[in-house]
Amino acid sequence: MGGASVRGACRQLQRWRRLVVAALTDSAVAVLELMTPAWASWSFTEVHEQAGLAYEHRYDQPTVADWSAGGVAAGDYDRDGWIDLYVVRGDAGPNLLFRNRGDGTFEERGEAAGIAIRGARSVGPVFADFDGDGWLDLFVPALLCENKVSYCDGVRAPRVGAVKLFRNRGDGTFADITEGSGLRFTRDSFSAAGATTTSTVTSISS
């Protein structure tokens with residue numbers, strides 16, 4: 001009788017242990033679900049054509065520097081609450097400005113906005129409010145050297161006027177203020193960054 005009682009008590013303890021483990025497991029799973037951020041279940045679907053973002057970027061005779069070129073600037077240039085896109089295209093055609101309609105689609109406004117740069121090997125554009133007026137301006141670096149490496153060889157001069165700084169007029173258009181800005185480049189620029197402080201906005205290219 002004593003042995004049977006002990007075996008019965010052991011089985012009871014094992015049942016209780018399984019119940020406790022199951023309860024703890026359920027609690028742990030519930031806590032993890034509460035702690036798991038919503039983005040952990042995100043997924044993506046390719047919709048660039050439906051969104052109106054079909055365009056080409058290419059170089060007719062790509063060389064060393066060209067392989068590092070390209071780029072897209074993202075920012076709400078018209079302050080409607082939706083992120084717009086400015087893309088460079090190499091030799092494929094003028095640069096493009098895609099205005100976000102807010103319904104999952106974009107319309108191309110580069111020509112109308114005055115920033116459809118042609119004939120320049122633009123790279124790494126960036127939106128930044130450099131004059132602090134509340135409107136995002138646009139800085140567009142470029143590859144300048146005709147020998148198509150990251151430096152000019154002293155024989156062929158850099159292409160003047162390829163780097164551009166545009167001021168946002170606040171009416172959907174931009175003014176080219178490169179000439180009076182004091183910006184002078186004699187080497188290739190592959191990217192740019194915009195930094196906002198409490199009183200000033202600066203643009204840095206590299």
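Where is the place of Arg79 in the chain? The legends below get to that, starting with the chain as a whole.

**View 1. The whole chain, by its numbers.** This is a predicted model, where local features need pLDDT of at least 70, side-chain atom pairs count only at pLDDT 80 or more, and totals for chains, interfaces and linings use all residues. Residues are numbered from 1 along each chain as its sequence is written, and side-chain values use heavy atoms, with hydrogens and water left out. You'll find four helices and twelve strands here (DSSP runs numbered from the N terminus: H or I of at least four residues for helices, E of at least two for strands). Of the chain's 206 residues, 31% count as buried, meaning under 20% relative accessible area, while exposed is over 50% and partly exposed is in between (1.4 Å probe, protein chains only).

**View 2. Contacts across the sequence.** Take contacts (heavy atoms within 4.5 Å) between residues at least 6 apart in sequence: 51% of them join residues at least 24 apart.

**View 3. Arg15 on its helix.** Arg15 belongs to helix H1, residues 2-35. With a relative accessible area of 39%, Arg15 counts as partly exposed.

**View 4. Arg79 in its loop.** Here's the reply to the opening question: Arg79 lies in the loop between strand S1 (72-75) and strand S2 (84-87). The phi of Arg79 is near 55°, a positive value in a residue other than glycine. Arg79 is partly exposed too, at 48% relative accessible area.
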